[in-house]
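Let's take a walk through a protein model together, one piece at a time. Keep the sequence and the 3D view open as you read.

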Amino acid sequence: MFKNLQNLLRQNIREYGMYIALFVIMVIFTFTTNGIFISSRNLSNLLNQTGYIAVLAVGMTLVIVIRHVDLSVGFLAGFLGAIAAIALEKWGWSVYAVVPFVLGLGVIGGLITALPVARLGIPSFVASLAGWLIYRGLLLLVTESTGTISVTDPVFVAIGNGYIPDIPEIGILNGIHKVTLLLGIIGIIFYVVNEINDRRKKQNYNFDVLPMNMFAIKLLFVAALVGGVTWVLAGYNGISWTVVVVLAVVAIYHFVTTRTVLGRHIYAVGGNPEAAELSGISVKRITYIVFGSMGLLSSLSGILFTSRLQSATTTAGTLFELDAIAAAYVGGVSAAGGVGKVIGSIIGALVMLSLTSGMNLMGVGIAYQYIVRGAVLVAAVIFDVATRRGAR
Amino acid sequence: MSIPILEMRSISKTFPGVKALSDVSFQVARGEIHCLVGENGAGKSTLMKVLSGVYPHGDYSGDILFDGAVQVFKGISDSQRVGIAIIYQELALVPEMMVYENIFLGKEIRNGIVVNWNETIKRASEMLKKVGLDVNPAEKVRNLGVGKQQLVEIAKALSRDVKLLILDEPTAALNETDSENLLNLLKGLRNEGATCILITHKLKEVMAVADSVKGFRGGRTVCTLDAKKGEVSEQAMIKHMVGREIDNIYPPRKHITPGEVTLEVKNWNAYSPELGRQVLKDVAFNVRKGEIVGFAGLMGSGRTEVALSIFGNPAGYDLSGDLMIKGQKKELRGPEDAIKHGLAYVSEDRKGNGLILIQDVKQNVCLANLLEIAKRGVVDGNAEVKVANGYKSSLNIKTPTVEQKVVNLSGGNQQKVSLAKWLFVKPDVLILDEPTRGIDVGAKYEIYTIINRLAQEGMSILLISSELPEVLGMSDRVYIVASGRIAGELPIAEATQEKIMHLATN
């Protein structure tokens, strides 16, 4: 049994390596901060801070998978966040009009970046660097007359700061966020049922499945993880709207990339664009879709950030793109194209944000923080390359 | 007898799950051309990688003696230092650099810290003369044809005082003239005392140049044949390679009366804006249901361009002329559209633009027709495995599971995956571009059998091939392509190698 587990780990070391790294980092910080790191309050804040980078990392994963990069996303997020603030505060639009409007602008922004890349074969580095400059200029343009624009719309502010509502106290579990707990339990049940169904289907086809005991361990592990996180969150304010948004984005993108025809086409284009083209896949169309989705997620990131700060600033979005790219690489995306998972990038984002949060709690200076994060980035990529070579 | 220049003693090498070499011993005498023959995956290339240090000492068991001394190679640079040079099928030249820069790349002639270009150019010219290549040393490598690039590569090796030159399928990408030149060069070098190891699938070449032949099968050596003793013959080699005698390289075929015309092209012209020249001129041909039509011609004659221009024109040529599918005039907007109209194109370059090497067998097989196994855009993963397993058994793809990455398969099996991918599209017209390039005799026979079966089932097949015996052995009708035109059409009964060559070279 232990041997089985060892084998499983060895064969999937690349896949589990990231989770193990995250786990180790969390354990270390829990000790060095006397448990403050793992406290409900800190974990909740950590997840909320990860939000706007996490959604960018998801989009960036696909961009890197198809062998491109998008540097414009940070200031696009900043600019669109400012547009959202202006629309709310100056034009007096309803939040329910502003959000779809800004998301739509994001898609257009992404498609504009994709245009020279897909049509003329301009390197995306150059095209998106131009976008980086242009959006930075636009951000300054719309904020320079007023400086920081405060946002007061309660619904909009709640996206980045609010928590899902709870049912009133019922006598038991006082002080615990019951809806969060309930959602966690539903999530676990959903996961377990889904896995069991999947296993049964595979057995019907006579495919290989994990041995029963391994399967049980896997279910137990995931259930414990989800349960643990929910319990910790339920001890504070419960699940925030940011976490809901990120989970929704991850769920949709995970589904699209792993299960759909579109997802396959994206990975095929990344794996070998010529072969994909000859297989009847339009590389151009995929490029537009991926950059369009990147734009969409950039605007979502801008909304989350503006909402969290409750204001749009002249420097919003600075270096977001590099944080997102780093998260994707830490999460196992390959620069050679065709390899990388959405979930991996989310874990990558969590690893990077955990480092920041943990070191902040320890009082480590900002200078050292950058150095440590750089070291972790390069270590993660070395690990990834080394294990990939081993798998050959 | 003098000591052999190379002796390898009981070399064994294991990959996870596969024993690639078991207890292989072999010797190469000074000044001979030693040919290695065997099916793909028989262990020839693996042995050469052990020899050249790609698999460093410790990765394998056994001993290498070179020039009478035991060698421990930790990397390619170690083997280069003692005078072993290996030239792979995929050339290792920098296209944007000039010929002389490439020849001395990594071993620049210098005065102190600066490169002595004059001396470099002079020495490069000498090297080019030695390999019989008449090009300006200041030409960019990208402007040379594959055959000439190969010669540059050999010149590069010779400039480094090689004692042993290893060539891995050097003629796979060459046309007949270039191949012949190359083989003559090897013979010339041998007469001057050089030693060569030549890996090739073309037994005729072995017959032409080999002093001795080593046969491989399943990671072991199965025979050593000596040319001086008259042991080298095609029959003998095939027998040892496959472990059985093959009387007929081409499977027998029931010639059925072909049905209606499925694909017809008239007045077909293509201009390539990228190359700035006309690539196809006034091409006209047709193919019928259940018919195998051969496209013979030299490398670069425009055969692939014909195929690509029909198959949705991914290269972006300016086209004019008529393309008729089942009697109806069509304009195809891209490969996607071509597939919808029942065309399929199995590319000649399976690694370059045929397969996605980092993905597994099942993903490659299903790629061009994912909608078939998807419901509302969601791929049914189980159906995918089922489809792939179906082709795995019907085409006899040798892979442990369909989850195996394609990069790990041998050439012949990769080609079958490529074929499976296009069969899953269920085309009416199947265009095969060099379907048996670089694959071994056994796998070739299997692929020929599959092609015949498909034609019998009513598929129209366009077979592009540089190997004339293949065209003659398989086709019902042959078109000869030369400089972007159809130079002739011959029914199979009238076609001979001589006639085809005559048309192809005029």
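Which two strands of chain B form a hairpin with four residues between them? They are E13(B) and E14(B), and in their turn B:Gly276 has a positive phi of about 70 degrees. Before going further, a few ground rules: this is a predicted model, where local features need pLDDT of at least 70 and side-chain atom pairs count only at pLDDT 80 or more, while totals for chains, interfaces and linings use all residues. Residues are numbered from 1 along each chain as its sequence is written, chains are lettered from A and ligands numbered from 1 in the order in which they are written, and side-chain values use heavy atoms, with hydrogens and water left out. As for the names, helices (H or I, at least four residues) and strands (E, at least two) are DSSP runs, numbered from the N terminus.

Strand E13 (residues 261–272) and strand E14 (residues 277–288) of chain B pair in the antiparallel sense over eight bridges; two strands count as paired if DSSP finds at least two bridges between them. You can find B:Val265 with its bridge partner B:Phe285 in E14(B), and B:Glu264 standing opposite B:Asn286. E13(B) also pairs with strand E16 (residues 318–325) of chain B, in the antiparallel sense over seven bridges. There, B:Asn269 stands opposite B:Ser320.

A handy thing to know when looking at sheets: in a regular strand the side chains alternate between the two faces.

Chain B has another open sheet, with six strands in the order E18-E21-E22-E15-E23-E24 and mixed pairing. Strand E18 (343–346) and strand E24 (485–491) of chain B are its edges. From one strand to the next, the twist averages 20 degrees. Inside this sheet, strand E15 (residues 292–297) and strand E23 (residues 477–482) of chain B pair in the parallel sense over five bridges, with B:Ala296 partnered by B:Ile480. H14(B) packs on the sheet, touching E18 and strand E21 (429–433) of chain B, and its direction makes about 170 degrees with that of E18(B).

Now, how do the two chains meet? The contact (heavy atoms within 4.5 Å) takes 36 residues from chain B and 26 from chain A. Between them the chains bury about 2,400 Å², 61% of it on carbon and sulfur atoms; buried area is the accessible area (1.4 Å probe) that two parts lose on being put together, summed over both. Two salt bridges link chain B and chain A, a salt bridge being a side-chain nitrogen of Lys or Arg within 4 Å of a carboxyl oxygen of Asp or Glu. The side chains of B:Glu336 and A:Arg285 form such a bridge (3.5 Å, N to O). Several elements of chain B each supply at least two residues to the side touching chain A, including helix H10 (335–340) and helix H13 (381–394). H13(B) gives the most, with six residues.

Over all chains, the count comes to 23 salt bridges. In chain A, one joins A:Asp166 and A:Lys178 (4.0 Å, N to O). A:Asp166 lies in the loop between helix H7 (154–161) and helix H8 (178–204) of chain A and A:Lys178 in helix H8, so the pair ties together parts that are 12 residues apart in sequence.

Terms used
Axes are lines fitted to C-alpha atoms, for helices over the stretch in contact, and angles run from 0 to 180 degrees between N-to-C directions.
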